Amino acid sequence: MGALCKPQDMGKWLGFAYAISGFATLIGNPATGAILDRHGSNGLVAFLAAVLASGLISIGILRWQCNGRRWLVMGKI
């Protein structure tokens with residue numbers, strides 16, 4: 001978070017991140033309970049796999065956009 005914003009804007013960014021994660025927790029717990037009751041553990045596993053896959057795709061698209069629409073590998077070995 002510190003690399004993305006100026007120090008005087010850190011509170012806004014952290015508040016926004018906590019608001020998003022709080023909203024996801026508020027919606028996620030009842031949703032997973034309802035899926036578990038209706039479809040069992042296989043339905044819950046499928047739902048969570050879809051959520052993780054959509055997150056992975058979103059991160060990939062964001063990385064591609066932030067790197068000037070190029071795939072860059074910037075790892076230190």
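Helix H1 has 57 residues, yet its end C-alpha atoms are only 21 Å apart, short of the 84 Å that a straight helix would reach at 1.5 Å a residue, where the expected span is 1.5 Å times one less than the number of residues. This is a predicted model, in which local features need pLDDT of at least 70 and side-chain atom pairs count only at pLDDT 80 or more, while totals for chains, interfaces and linings use all residues. Residues are numbered from 1 along each chain as its sequence is written, and side-chain values use heavy atoms, with hydrogens and water left out.

**Helix and bend**

- The chain has 1 helix and 0 strands, these being DSSP runs numbered from the N terminus, with helices (H or I) of at least four residues and strands (E) of at least two.
- At His39, H1 bends by about 130°, the bend being the angle between axes fitted to the seven residues ending there and the seven starting there.
- H1 is followed by Gly68, which has a positive phi, near 70°.

**Annotated spans**

- UniProt, in an unreviewed entry, places the feature "transmembrane region" at residues 12-32 and 44-64, and such annotations may be inferred rather than shown by experiment.
- Residues 12-32 are 100% helix and 0% strand, with end C-alpha atoms 30 Å apart.
- Residues 44-64 are likewise 100% helix and 0% strand, and their end C-alpha atoms lie 30 Å apart.

**Surface**

- Of the 77 residues in the chain, 5% are buried, a class that means under 20% relative accessible area, with exposed over 50% and partly exposed in between (1.4 Å probe, protein chains only).
- The accessible surface of the chain comes to about 6700 Å², 70% of it belonging to carbon and sulfur atoms, as computed by the Shrake-Rupley method with a 1.4 Å probe.
- Phe23, Leu26 and Ile27 make a nonpolar surface patch of about 340 Å², a patch being built from residues with over 30% relative accessible area and no salt bridge, with nonpolar side chains joined within 5 Å and like charges within 9 Å.
- Leu26 lies in H1, which covers residues 10-66, and Leu26 is exposed at a relative accessible area of 60%.

**Salt bridge**

- The structure holds 1 salt bridge, defined as a side-chain nitrogen of Lys or Arg within 4 Å of a carboxyl oxygen of Asp or Glu.
- Asp9 forms a salt bridge with Lys12, with the closest N and O atoms 3.5 Å apart.
- Asp9 is partly exposed at 22% relative accessibility, whereas Lys12 is exposed with a relative accessible area of 60%.
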